[in-house]
There are 2 protein chains.
Amino acid sequence: MTEITVEKNLLEDNARTAEDNRKLLAAARVYMLNLMSGPGAGKTTLLQRTLERMQGRMKLAVIAGDIETRRDADRLSGLGAQVLQLNTRGECHLEARQVGRALRELDMKGLDAVIIENVGNLVCPAEFDLGEHDKAMVLSVTEGADKPGKYPLMFRESKAMVLSKVDLLPYVDFNVEAAVADARAVNPAIEVIKVSSRSGENLDGWLDWLEGRVKKARG
Amino acid sequence: MTEITVEKNLLEDNARTAEDNRKLLAAARVYMLNLMSGPGAGKTTLLQRTLERMQGRMKLAVIAGDIETRRDADRLSGLGAQVLQLNTRGECHLEARQVGRALRELDMKGLDAVIIENVGNLVCPAEFDLGEHDKAMVLSVTEGADKPGKYPLMFRESKAMVLSKVDLLPYVDFNVEAAVADARAVNPAIEVIKVSSRSGENLDGWLDWLEGRVKKARG
C-alpha cells in the first residue's frame, strides 16, 4: 500500500505544479505543447524543421528533455528560438516542477508558444501533466502499426498523432490505415498528421495544425 | 525522502526475487536472456526469425512483456516454442516477480533457454534485474546513432547491442561507426551484432551469439 500512496502523492503534487505552470502561461498568453514519442521517432528533426520554417511567423521556445546530454538542444540552437535543455538523470519522463523552473528561465516577452520535447519513451511521459495546453505524439512508420493498442495511454492523451518518416513507407511493412484505426480505437478524436521531416512532405500540414492550436488557446 | 526509500525497497525486493529466479533456472539448467529495446525496434520480428531457425537446434521459450494486448505472443505462437504473454497494465517494465510466476508456468523439461521480450522502452527495463544470465538490447538504425549517450543505462547493462533493420541503412541517415563508438563510450565491452530480420542478413551471427551464451551458461 505504501507504494501506491506515494505514487498518488507524487501525481497530486505534479498536478498542483502543472496548474501553476498553466497560470504562468495564461498570464503571459503563451501556448504550450507537450510533444512525446518513443526514442528516435524524429521529434528533434521535426522541431528543427519547425523552428526553421516558423521564423518570422511565430516566436517559439523549446524545452528539450533528455536523460543525459545536451545533444537535442545543440541541434535546435541557432534557429531563432530560445532553447533550454533539461536532463532528468535517469528519470524516464519530465515532471511539472522541472518544466516550471524552465518556464521561469524563458523570456516570455513576445513569445507565442513553448514546445516541450519530452524524454523518448512511449509509456511514462503520458502520465505526467506538465501544464501544457495540448499533448501531441510522434509515431514513426518504422515502429510498426501495432503500437497504439500496445501503448494505449499516450495515444489516448494526445490531441494529435504525427506519423513521421513517411518517406520510408515504400521500404517498411507499415499499414497506415491499420495504425490510424488502432489509434482511433483508443482515442476516436485523435487527429492524424503524416509528415516527413527529411523530404519535407506535409510539413505545412503540421505547421498549420500547430498554428491553429496556438491561436485557439490565445483566443 | 519517502519516495527514495520506497524505490530502494522496491529494487531490493526485486533483487531478492531475481535471485530466486536465478536459482530456479540453475536447478533446471536453463539459460535466460532479457531482451530490451525502445518500442518498434524489432524485438518480436527478430524473435519470430529466431524461433523459426532454432527449431531442431535449441528448445526455446519466450516470455513476452507488454503493457496491453496479446499481440506479441500471437505473433510468436506456432513456431515450436512455449510462449507466455505478460501484461503490465500500465507499468513501463517487467519485474522479477512477474517473470518468476511465468517461469513456474513453463515446462522446463528439455528447455535450453528462455528469452524475455521486455516492454518496449529504452529507459525503465534496464533498472530491473529479472534473474537473467544476460541482458541484450536492440537498436534500430531508424532510431538514430545518438541514442547510446542519451539513454546510457541500457547500453551499459547490455552484453550485446543488436543493430536491427540494417536493410534500411541506404534510406536513413545512420552512421554505424558513430553509433558503435557512442555505445562503447558507455560500455567498452559491448558486442555489436548487425542484423536484418526482413532480409535475413546476419541472422546467423545473432543465432550463433545466442547459442554461444546458452552453452557458456550451461557449462
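Guide: Let us start with B:Trp209, which is buried at a relative accessible area of 10%, where buried means under 20%, exposed over 50% and partly exposed in between, with a 1.4 Å probe and protein chains only. This is a predicted model, in which local features need pLDDT of at least 70 and side-chain atom pairs count only at pLDDT 80 or more, while totals for chains, interfaces and linings use all residues. Residues are numbered from 1 along each chain as its sequence is written, chains are lettered from A and ligands numbered from 1 in the order in which they are written, and side-chain values use heavy atoms, with hydrogens and water left out.

Visitor: How is a pair of aromatic rings described, in general?

Guide: Such a pair is described by the distance of the centres and the angle of the planes. The rings of Phe, Tyr and Trp (its six-membered ring) pair if their centres lie within 6.5 Å, and planes under 30 degrees apart count as stacked, over 60 as edge-to-face and the rest as tilted. By this rule there are three aromatic pairs over all chains. In one of them, A:Tyr171 and B:Tyr171 have ring centres 3.6 Å apart and planes at 5°, so the pair is stacked. A:Tyr171 lies in the loop between β6 (160–164) and α7 (176–186) of chain A, and B:Tyr171 in the loop between β6 (160–164) and α7 (176–186) of chain B, so the pair joins two chains; helices (H or I, at least four residues) and strands (E, at least two) are DSSP runs, numbered from the N terminus.

Visitor: Is A:Tyr171 buried or partly exposed?

Guide: A:Tyr171 is partly exposed, with a relative accessible area of 30%, and B:Tyr171 also counts as partly exposed at 30%. B:Trp206 and B:Trp209 form a stacked pair as well, 5.8 Å centre to centre with 15° between the planes. Both lie in helix α8 (residues 203–218) of chain B, three residues apart, about one turn of the helix, and B:Trp206 is buried at a relative accessible area of 0%.

Visitor: In what order do the strands of the chain B sheet stand?

Guide: Two strands pair if DSSP finds at least two bridges between them. In chain B, seven strands in the order β3-β2-β4-β1-β5-β6-β7 form an open sheet with parallel pairing. At the edges stand β3 (82–87) and β7 (191–194) of chain B, each with a single partner strand, so one side of each is left without a neighbour in the sheet. Strand β5 (residues 134–140) of chain B pairs with β6(B) in the parallel sense over five bridges, and B:Leu139 stands opposite B:Leu163 in β6(B).

Visitor: Which residues have the most contacts inside the largest nonpolar core?

Guide: In soluble globular proteins, nonpolar side chains tend to be buried together. A nonpolar core is a set of buried Ala, Val, Leu, Ile, Met, Phe, Trp, Tyr and Cys residues joined through side-chain atoms within 4.5 Å. Here the largest has 54 residues, and those with the most contacts inside it are A:Phe155, A:Met161, A:Phe174, B:Phe155, B:Met161 and B:Phe174. At least two residues of this core come from each of β5 (134–140), α6 (152–157), β6 and α7 of chain A, and from each of β5, α6 (152–157), β6 and α7 of chain B.
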